[in-house]
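Subject: Structure for you to look through

Dear colleague,

Please find the structure below, and keep it open beside this message while you read the notes that follow.

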Amino acid sequence: MPKTALIVDDSSTMRRLVRFTLTEAGFEVLEGNDGQDALDKLTATPGGKVDIIITDLNMPVMDGLTFIKQVRSRASGRFTPILMLTTESQESRKAEGKAAGATGWIVKPFHPQQLLTVIGKVLPL
Amino acid sequence: MNLDMEMFHQTFFEEAAELLADFEGGLLRLETAPDDLETLNTIFRCAHSIKGGSATFGFTEVAQFTHSLETLLDKVRNGQILVDSGLIQLLLESLDQLKALLEVAQGHASEAPSSLPLLAQMDMVIESVEGGASDADGVLWRVRLRFYPGDDVLQRGANPLFLMEQVAGGGHITSLECDISKLPSLKDMNPETCYLGWNIELLSEKDTAYFHEIFEFVADESVVEISAVDAFAEASGQFDQIAETASVPDTRETAKEAGVFVGNPEAAIAPSKTATVAIASAESHTLRVSTDKVDKLINLVGELVINQSMLNSVIQDFSMAKLPRLIEAVAEMERASRELQERVMSVRMLPIKHAFGRFPRLVRDLAAACGKQIDLQTSGEETELDKTVIESIADPLTHLVRNSIDHGLETPEDRRRAGKGVTGIIALHAFHEGGAIVVEVSDDGRGLDKERILRKAIERGMLSATDPAPSDETIYNYIFHPGFSTAERVTDLSGRGVGMDIVKRAIQGLGGFITVSTTPGQGTRFRVRLPLTMAILEGLSISVGEEVYILPLTSIVESIRPGRGDVRLIAGATEVVMVRQEALPLLRLYQIFRSTPIVTDPTQAIIVVVENEGRKVGLLVDALIGQSQVVIKSLETNYRKVSGIAGATIMGDGRVALIIDVPGLVRVSTGRLEYTSAA
C-alpha cells in the first residue's frame, strides 16, 4: 500500500514541487493550502491520518504552528511524523516548531532529492 | 596505588607474556600465510588485550604503544594494509619493544629503548592508507554511539527504533545495548514516553557528521554522543569485567580511579613504578594453574573426606566381621592419597611449549642473520615439566639451538655441494623416558669435527699429544669443557668459547645431564635429560647399618653382588670392583658416612653401580629396601650443606633419610682414582 503524505502550503508552486517529488517516490499526496484546510483534509481521510505531514509555517487562516498543535491534539495524529518547511533556518523557529510537536524540518529552498532524504530520516521508506 | 589493583598486576603480566607468545607465533605464521584472517584476528586480539590491561593498570607507555599497534593491526585485518616482509619486520620489532616496555613495567629493567622511532614508523604506515584524514568517509573506524532520547520524542512523531535502523545502515554494529534502567514499573509507565537508551558500537566508513545527521531532529532534547572507541575508555570497560570476575567488592571504585589516572599519564607513572617493584620479587611464587587441575584436586579431596567417614564408621564398634570393609576402605584411601599426591605435583607442571615458544622467532632471526635457510621442527610440546625446570631450561636450550644454527648447519651453498637440501633442519623433540624428560636438540648439519676438537683439546692442554687417542665419546665431550670453542671466527650468535660448559652446568644444576652424539656430514644431536620435577625424586632406598639412604633412580645403572675375585686393590690404596670387564672405583658408603655397617664383605653385600657424566662408581651398601617417590627437603635451608648429601626426605615411618649426591660422590671418587693412578 502506498504511503500517504499531506503537504500544507499556501504556495501552489511549493505544493506542486512537493507533490511531483513525492509522487515520483511512490507516495499518495494530499494537499492543503492552509492549516484549517489541511485539518479538514485529514478528517476526511480514512482513519483520520496520513503517513507524513509536511507543512509550511507562515500561512493564512491557520498558521503552521497552530496546525501542528491541532494535529498532535488528535489521537490519530499523535505519532505522525511532521516536517516543517522553514525559509529561515533560525534556531528559534525550529524550537517553536518542536515545542508545537514538529518532528523535523527542512530549510527552503531545497532540492527534490534533499526532501526525500529528510523524509527518510523520520519515516521508514 | 590501591592494593586491590596490585593483586591483578601479576595476572596481567603473566597473561601479557602468554599473549606476546601467541602474538609472536601468529606473526611467524603470517609470514608464510599472509592472508590467514584467523591469524590476523589472533594477533589483533593479543595487541588489543595487552592494551586493555596495560591501560587499566596504569602502564601508560605500554598502553600507548599497543594502541598504535592495534590501530595498525586493525587496518591490516581489514585488508587496508597488505602483509609483506616489511610489515612483519615492523611488527616483530614492535613485539620486542613491547617486551622491553613490559620488563620495565614489571620492574625487571630500569629503562626501555624509546618507542618513538617505531611509533613514527607505524604512523607512517597507517597514514599511508588513511591519506592523513582520519575521519573522512571511506575510512573504517570504530564508532561508539550513545543515544538517550528525550522523554517526549515519541510525542513529536520521532521513532527511535527507526533512528537505530538508520545507524545500522551506516556500518556494521559490533555491539548494541539497550539501557532499560529508567524503565518504570508498568503502573507508573506512560506509554507515550521514551524511557530507553542505546549504547552502540559499530565499524563504519561514515564520518561523524553522518551520525549527527541522523539525530538532527532529536539532538536538542536527547543525549547523542558519537566518539571513536579509544584505548582508555575501552580499558576501563575491561577493568569492570576483571573486577566482576574477581568479585572484589571495591575494585569497581578502583577501576574508576584507574580510569582517571590513566587519562593523566604524568600522574600515572610514579605510582605504577613503585607498585611493580613490589611485585617483581613475588613473581616466581605464583603459578597459573588450569581450573581443570584444580577441579580434580577438589574432587580428590572430596573423595578423601568420604573415605575418612567410611573409616570412622568401620572403626566404631569394630569387630572382625568388619575387617574386609576396613581393608577396602584403607585401600581406597591409599589410592586417593596417591592420586592426590600425583595431582598436587602436576599443579607445578607446565607443558614444555612454554620453553619452546621462543624458538620459532629465534630461528627465524638467526637464519636471516647468518644467511641460512632453516626449518624448525618441534614435537612433544605438550610434555609437562616442573615450572622451575621449564624456567631454567629455556636459556640452556636457547644456547643449544643457537649453537646448532651457527656451528652445526651449513650455508645453503655448502649443503648443495654436500648433496643435501638447501634448507637445514633444527629439531626440538621432547618426550618422557623412564621417569625423566628428554629434550633433544638436533640438526642435520655437518656434524662435529672430531679432528678439530682433538686438536683444540691438545692446544688447550686438556690432554697431551702423546696420550693414547681417547674414545670418540670422550673427544666429543670436550666441547663441554670450560673455555673450549672450535668456531674459527667469533660470531655474534654464539661461540666465544663460553657456553657449552655453562649449558652443561645449568642442566646439571637442574639434576639433569646432557650428552652429544654426532654423525659426520649428517648432523649432531644434543640430548638433555631432566628430572620431571625438582620437588620429587624417584629413588631407591638402601640401608647401611641402621641408616636408610636414598639413591636417585636416574643415576643407578645396576645392582650386583660381586664374586670373590671381582674386588681388587689398585696401587695398594684404591679398591675397585670389576663389573663386566670394567674396573669401577668401589666406595664403601659406611666409610664415607662413618656409620656402623652390618656387612663389610663385598661378596656378602650389594654393590649399586651409579653413573654420572659417563663415569661409573660402585657403592657398597648393606641391602636394597625398595623403590619409592620421595619429596626432597633441602638440607641446606634446614641445616647446612653436607658434602655427599643432596638433601633429605621423610620416610613413611617418619624417619629421616638422606638423599645421596651421586654426582658429588662420583667426582670425589674418580678424582681420587686419577690421583692415585698418577702417583
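B:Cys194 is buried, since its relative accessible area is 7% (buried means under 20% relative accessible area, exposed over 50% and partly exposed in between, with a 1.4 Å probe and protein chains only). B:Cys194 takes part in no disulfide, and the nearest cysteine sulfur, which belongs to B:Cys178, is 8.4 Å away, whereas a disulfide is a pair of cysteine sulfur atoms within 2.5 Å. By this rule the count over all chains is zero disulfides. B:Cys370, with a relative accessible area of 22%, is partly exposed.

Before you go further, please bear in mind that this is a predicted model, in which local features need pLDDT of at least 70 and side-chain atom pairs count only at pLDDT 80 or more, while totals for chains, interfaces and linings use all residues. Residues are numbered from 1 along each chain as its sequence is written, chains are lettered from A and ligands numbered from 1 in the order in which they are written, and side-chain values use heavy atoms, leaving out hydrogens and water.

Next comes a sheet in chain B. Its five strands form an open sheet in the order 6-8-9-11-10, with mixed pairing; strands (E, at least two residues) and helices (H or I, at least four) are DSSP runs numbered from the N terminus, and two strands pair if DSSP finds at least two bridges between them. Strand 6 (373–379) and strand 10 (513–519) of chain B are the edge strands, each pairing on one side only, and the twist from one strand to the next averages 15 degrees (axes are lines fitted to C-alpha atoms, for helices over the stretch in contact, and angles run from 0 to 180 degrees between N-to-C directions). Strand 6 and strand 8 (residues 423–433) of chain B run parallel and are joined by seven bridges, with B:Ile374 standing opposite B:Gly424 in strand 8 of chain B. Helix 14 (residues 359–370) of chain B packs on the sheet and touches strand 6 and strand 8 of chain B, its direction making about 165 degrees with that of strand 6 of chain B, where contact means heavy atoms within 4.5 Å.

Where is B:Thr603 found? B:Thr603 lies in the loop between helix 20 (589–592) and strand 18 (606–612) of chain B, and it counts as buried because its relative accessibility is 12%. The side chain of B:Thr603 makes polar contacts with the side chains of B:Arg564, at 3.2 Å, and of B:Asp601, at 2.9 Å (a polar contact is a pair of N or O atoms within 3.5 Å; within protein, one must be able to donate a hydrogen and the other to accept it, and residues adjacent in sequence count only if both atoms are side-chain atoms).

Lastly, the largest nonpolar core has 46 residues, and among those with the most contacts inside it are B:Leu400 and B:Phe526; such a core is a set of buried Ala, Val, Leu, Ile, Met, Phe, Trp, Tyr and Cys residues joined through side-chain atoms within 4.5 Å. Helix 15 (residues 387–408) of chain B gives the most to this core, with eight residues.

With best wishes
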